[in-house]
Amino acid sequence: MARLPTAINLHKASKTLSLTYAPGEVYHLPAEFLRVHSPSAEVQGHGNPILQFGKINVGLSGLEPAGQYALKLTFDDGHDSGLFTWEYLEQLCLRQEQLWAEYLDELQKAGKSRDPAESVVKLML
């Protein structure tokens with residue numbers, strides 16, 4: 001059973017969602033991290049995840065509870081599908097460093113960039 005955060009703060013200026021679980025146990029999840037790890041079918045691809053790229057500038061424009069079990073996050077790029085369950089959010093908090101490293105590795109392998117204005121070209125010499 002997932003723990004519920006005792007406080008949830010959306011920081012629009014820094015594009016960060018902060019979750020507090022206990023005194024001194026605060027996690028700061030950047031909007032870009034949340035966007036590329038969205039539990040939506042658009043991102044998860046029904047079991048075959050679709051690599052998200054060009055999301056470095058994305059922010060969070062809102063959040064709302066989805067019943068007693070999840071948060072619905074709205075991103076400023078229009079993405080608002082996928083419910084972030086309390087269990088999934090806790091896993092994102094606990095595994096943030098590992099998941100981010102894996103994401104950056106996948107981007108590199110795919111020749112993609114976090115910057116939407118940048119395209120990576122591989123020259124075969």
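Analyst: Let us begin with a term we shall need: helices, of at least four residues, and strands, of at least two, are DSSP runs numbered from the N terminus. Please keep in mind that this is a predicted model.

User: What makes α4 stand out in the lining of the largest pocket?

Analyst: A residue counts as lining when it has an atom within 4 Å of a pocket point, and α4 gives four such residues, the largest share of the lining. The elements that give two or more residues are α2 (41-44), α3 (86-94) and α4 (96-110). The pocket has a volume of about 360 Å³, and of its 16 lining residues the closest to the centre are V36, H37, Q44, P49 and Y103.

User: How do the residues of that lining divide into nonpolar, polar and charged?

Analyst: Nine residues of the lining are nonpolar, four are polar and three are charged.

User: How do you know that β4 and β5 pair, and in which sense?

Analyst: Two strands pair if DSSP finds at least two bridges between them; β4 and β5 (residues 70-75) have six bridges in the antiparallel sense, and therefore they meet the criterion of at least two bridges. Within this pairing, P65 has L71 of β5 as its bridge partner, while E64 stands opposite K72 in β5. The two strands form a hairpin with three residues between them, and G67 in the turn has a positive phi of about 65°.

User: Why are β4 and β6 said to stand at the edges?

Analyst: The three strands form an open sheet in the order β4-β5-β6. Because β4 (60-66) and β6 (83-85) each have a single partner strand, one side of each is left without a neighbour in the sheet. From one strand to the next, the twist averages 30°.

User: Which helix lies across β5 and β6, and at what angle does it run to β6?

Analyst: That helix is α3, which lies across both strands and runs at about 75° to β6.

User: Which feature does UniProt place at residues 8-89?

Analyst: The unreviewed UniProt entry places "domain: Gamma-butyrobetaine hydroxylase-like N-terminal" at residues 8-89. In the model this span is 17% helix and 40% strand, and its end C-alpha atoms lie 11 Å apart.

Terms used: Residues numbered from 1 in each chain as written. Predicted model: local features only at pLDDT ≥ 70, side-chain atom pairs only at ≥ 80, totals over all residues. Heavy atoms only, no water. 1 Å grid on protein atoms, 1.4 Å probe; cavity = no way out; pocket = protein on both sides within 12 Å on 5 of 7 lines; lining within 4 Å. Points joined across faces, edges and corners; volume = space filled by probe spheres on them. Nonpolar A, V, L, I, M, F, W, Y, C, P; charged D, E, K, R; others polar. UniProt positions renumbered as here; feature names shortened; annotations may be inferred. Axes fitted to C-alpha atoms, helices over the stretch in contact; angles between N-to-C directions. Contact = heavy atoms within 4.5 Å.
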